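Please keep the sequence and the 3D view open as you read.

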Amino acid sequence: MNRIAVFPGSFDPITVGHEDLIRRAAACFDRLHVAVLINPAKPGWISREQRVALIRKVCADLPNVQVDLWTGLLADYVQALGGAVVVRGLRDAADYLSEARMAELNRRLNPKLETVFLLTRPEVAFVSSSAVREIAVFGGDVDPLIPPAIRSDIQSIISQQ
Ligand code: PNS
């Protein structure tokens, strides 16, 4: 059986929390598509193409991971793949509330779509892309929140802003 999964997100930018989930999900499925999608509720910080390039660098050693860019609905992306399980991370109860709503909306858009959840490791449960963006704006140290493979890329992105 070819088990395909999608790990969707805005990844603006990818964090150590995302990396942990990607590695764990990649170990559970035959193929994992990391999909950069648009979250209309979040303002863009770095370009979508840059986000894809950074994720590709972080996942360079994972042969069963592919990174895609999709500008439509997640449900349509899953359909275009011919079906896949959606993987999302849960950090806390607040995440549960919004994720449960999103999973149900996606199921209504594509009744075959299943969402499964991985609990975020406690060591990285405080991490978010929005925290990275905020710390960067005020000149703080974002390195602990950023995957080691792309720390220098993020530093040069910040220095160009
Ligand atoms: O990393 P995020 O911002 O929590 O990821 C949210 C994301 C991008 C996965 C979500 O906003 C999304 O799926 N966007 C694409 C549009 C869509 O399908 N929305 C779900 C139905 S409301």
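## The cysteines

Let's start with Cys59, which counts as buried because its relative accessibility is 5%. Keep in mind that this is a predicted model. Cys28, at 40% relative accessibility, counts as partly exposed.

A disulfide is a covalent bond between the sulfur atoms of two cysteines. Here the closest cysteine sulfur to that of Cys28 is in Cys59, 15 Å away, so the gap is too far for a bond; the cut-off for a disulfide is 2.5 Å. Cys59, for its part, is in no disulfide.

## Helix α2

Now turn to helix α2, which covers residues 48-58. Its buried residues are Arg51, Val52, Leu54, Ile55 and Val58. Looking down the axis of α2, you will find these buried residues within an arc of 165°, which means that they line one face of the helix.

## Around the ligand

The ligand has 13 residues around it, and Ser10, Ile38, Asn39, Lys42 and Leu74 come nearest. In the side chain of Ser10, an N or O atom is 2.6 Å from an oxygen atom of the ligand. Asn39 places a polar side-chain atom 2.9 Å from a ligand oxygen, and for Arg88 a polar side-chain atom also lies 2.9 Å from an oxygen atom of the ligand. Taken alone, the ligand exposes 550 Å², and the protein buries 80% of that.

How values were computed: Residues numbered from 1 in each chain as written. Predicted model: local features only at pLDDT ≥ 70, side-chain atom pairs only at ≥ 80, totals over all residues. Heavy atoms only, no water. Buried < 20%, exposed > 50% of the residue type's maximum accessible area, 1.4 Å probe, protein only. Helix = DSSP H or I, 4+ residues; strand = E, 2+ residues; numbered from the N terminus. Arc of directions from axis to C-beta. Near = heavy atom within 4 Å. Polar contact = N/O pair within 3.5 Å; in protein donor to acceptor, adjacent residues only side chain to side chain. Areas by Shrake-Rupley, 256 points an atom, 1.4 Å probe, with all protein chains shown as cover.
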